[in-house]
Structures are given as C-alpha cells and as structure tokens.
Amino acid sequence: MRPSRFFNHCPRCGVSQTPPADKAPFQCAGCGFRYYFNAGAAVAAFVTRPDGQWLFIRRAKDPGKGLLAPAGGFVDFDETAEAAVHRELREEVGIGLRDLRFVCSHPNAYLYGGITYPTLDFFFTATLEPGSEPQALDEVTSVGWYDRKSVRPEDLAFDSMRHAWKQLMKQLDP
Ligand SMILES: [Zn+2]
C-alpha cells in the first residue's frame, strides 16, 4: 500500500478526505492544499578493486534482510546523487570511492513497515579508494568481494538492483 492511501485527512487543516487515487496528488477540498507524491531518490554503487572483484553487502534489515546488495541508501534533502553515494558508502562500509560513473536508474518498490514507498534508484560504478578497507557498519551484516560471474541478478535484494547489475554486465561483456 502506497503512502498516499493514508492521506485520509488534510495534513494542513485536518479536514476528512478520500485518499487520492494511485499516482494522483492529494487535493484538500477544505483549504486547497495540494501535495504531489513523488518517488524517493536512492543511490547505490557497484565497487571494484584492482583484482577485478566486486563489493557486495548482506543487508542487516528488511526489506531484503540477509540478501546481497550493492551498498547505498536514500538521498538527503539538498544533496546531489553523487554526494549521497560517497556519504552512504562511508556510512555503510567505511570506504572512499574513486572514478564514480553513472550506470542507469530504475524504479523500485521499497516495502517498509507495511507501506510500499516508490523510489527511483540511481546506480553507479566506482573503484575502491587506495587504503580503504570495507567493513560491515550501518545496516550491514557482512561485506564480501565477489567474482562478477558468481553474482547472479536473482541473488540481489531488489528489482532495481537486478536490472542495474544485468545492464552493467552487458556493458562489461557486450
Ligand atoms: Zn486542508
């Protein structure tokens, strides 16, 4: 269920409302307040090291608890996607990134606390900053380096990641 389904009162004036239809904005009949429901922006990076292996984490929390994923997270207000990738990788696995490159974006449905949040996930590749050593920090159970052939799209936590990994593999093995 998307967040808009819970807008049965106006958050500004409190008047009772019928929640808006899927993808429609909230429009208050009382005070005229209008609110558009947009996708939340998220980022993730597929990181390589000089021997050609790729960094993946195991997610410590739902959604996708225990599953493999590239490290990443949500973009903050007033933050670029590039700055968000650098921040999230530092917070989750304690590493610095070099050679950040955009791969693709893909929509995702992020189920959290019984509510499905539509997101738009931006995927990057990067190389490990020399001297950086990944460790499992925020919301991460473990980190590992993998041969790219050993990670199948279906091993990854979210649909958007599966799509991006496939796309990246196509670029690397055309
Ligand atoms: Zn209102």
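**Reading the labels in a predicted model**

Mentor: Before we turn to the labels, note that P63 sits in the loop between β4 (54-59) and β5 (68-69), and that the model is a predicted one.

Trainee: What makes the peptide bond that joins D62 and P63 a cis bond?

Mentor: Its omega is about 0°, and the bond between D62 and P63 is accordingly described as cis.

Trainee: Why is D99 called exposed?

Mentor: D99, which belongs to strand β7 (residues 97-112), has 12 other C-beta atoms within 10 Å; since a residue counts as exposed at 12 or fewer, D99 is therefore exposed. Its phi, near 55°, is a positive value in a residue other than glycine.

Trainee: How do you know that the span of helix α2 (residues 159-172) is close to the expected one?

Mentor: With 14 residues, α2 reaches 20 Å from its first C-alpha to its last, which is set against the 20 Å expected at 1.5 Å a residue.

Trainee: Which residues of α2 are buried, and what makes them line one face of the helix?

Mentor: The buried residues are S160, M161, A164 and W165. Seen down the axis of α2, its buried residues fall within an arc of 130°, so they line one face. An α-helix has 3.6 residues a turn, so residues three or four places apart point the same way. The cover over the buried residues of α2 includes β3 (40-48), β5, β7 and β8.

Technical notes:
Residues numbered from 1 in each chain as written. Predicted model: local features only at pLDDT ≥ 70, side-chain atom pairs only at ≥ 80, totals over all residues. Helix = DSSP H or I, 4+ residues; strand = E, 2+ residues; numbered from the N terminus. Buried ≥ 20, exposed ≤ 12 C-beta atoms within 10 Å, placed from the backbone. Expected span 1.5 Å × (residues − 1). Arc of directions from axis to C-beta. Contact = placed C-beta atoms within 7 Å.
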